[in-house]
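This report describes the strands, backbone features and ligand site of the model shown below.

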Amino acid sequence: MSSDHARVTGAEFRRACGRFATGVTIASVLDAAGAPHGLTVSSFTSVSLEPPLVLVCLGHGVSNIQLFREATYFGINVLNEDQQALSDHFARKGHDRFGSIPWEKGASGVPLIPGCLARMECAVHRRVEMGDHDIFVGEMMHCEVSEGNPLIHFAGAYRKLELL
Ligand SMILES: Cc1cc2nc3c(=O)[nH]c(=O)nc-3n(C[C@H](O)[C@H](O)[C@H](O)COP(=O)(O)O)c2cc1C
């Protein structure tokens with residue numbers, strides 16, 4: 001059991017969770033008119049092998065969350081170490097994020113970005129509201145992988161992978 005008194009603060013939560021290194025992805029979706037939308041997402045996780053499920057968590061304040069709620073498919077573009085500018089671009093508010101970025105439609109129609117380490121097309125399997133985020137669980141229908149090194153996010157900063 002926990003009480004309000006015992007909980008961590010938002011700052012403590014962010015600091016602790018930031019110690020868990022992640023990759024960086026661009027989650028993408030098409031709107032009803034066929035225009036691409038997306039945002040930078042590090043909450044990507046694999047969930048299940050059979051069936052092949054992954055998840056991302058989107059904050060309720062995310063400007064295009066309704067598009068993800070209405071979508072049948074979403075895309076996950078895993079960034080490589082040379083794509084930090086793309087991560088910043090897709091995290092910046094108030095601009096047409098795909099306006100100046102080359103993209104192509106996957107087999108399911110989702111926007112896919114050239115040059116990524118992995119590109120996944122997911123059918124929305126379930127959406128669960130959880131706290132101030134929605135968890136989108138997707139069934140992976142198509143994927144492509146490329147060689148390269150990942151962009152890492154750790155403790156609020158971008159990093160490169162180093163072999164031990
Ligand atoms: C490295 C990084 C990881 C992020 N991961 C997430 C995430 O997992 N979920 C999320 O909702 N927002 C995440 N964001 C924030 C969004 O990319 C974006 O800033 C947010 O959608 C605000 O823009 P908007 O409200 O105009 O869409 C992340 C940002 C950065 C820079």
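## The E2–E3 hairpin

Strands E2 and E3 form a hairpin in which five residues lie between the two strands; within the turn, Gly34 adopts a positive phi of about 90°. Strands here are DSSP runs of type E with at least two residues, helices are runs of type H or I with at least four, and both are numbered from the N terminus. Six bridges connect E2 (residues 25-30) with E3 in the antiparallel sense, where pairing requires at least two DSSP bridges between two strands. Ser28 has Gly38 in E3 as its bridge partner.

## Basis of the model

The model is predicted: local features need pLDDT of at least 70 and side-chain atom pairs count only at pLDDT 80 or more, whereas totals for chains, interfaces and linings use all residues. Residues are numbered from 1 along each chain as its sequence is written, and side-chain values use heavy atoms, with hydrogens and water left out.

E1 and E11 (residues 151-154) are paired in the antiparallel sense over two bridges, and Gly23 stands opposite Ile152 in E11.

## Backbone features in loops

The loop between E11 and E12 contains Ala155, a residue other than glycine whose phi is positive, near 50°. In the loop between strand E4 (45-48) and E5 lies Pro51, which is joined to Glu50 by a cis peptide bond with omega of about 5°.

## The ligand site

The ligand is surrounded by 17 residues, each having a heavy atom within 4 Å of the ligand; the closest are Thr40, Ser43, Cys57, Ser63 and Ala91. By class, this shell has eight nonpolar, seven polar and two charged residues. Here Ala, Val, Leu, Ile, Met, Phe, Trp, Tyr, Cys and Pro count as nonpolar, Asp, Glu, Lys and Arg as charged, and the others, Gly among them, as polar.

Polar contacts are pairs of N or O atoms within 3.5 Å. A polar backbone atom of Thr40 lies 2.7 Å from an oxygen atom of the ligand, and a polar backbone atom of Ala91 is 2.8 Å from a ligand oxygen atom. Elements that give two or more residues to the shell are strand E3 (36-41), strand E5 (53-59) and helix H3 (84-91).

Key. A polar contact is a pair of N or O atoms within 3.5 Å; within protein, one must be able to donate a hydrogen and the other to accept it, and residues adjacent in sequence count only if both atoms are side-chain atoms.
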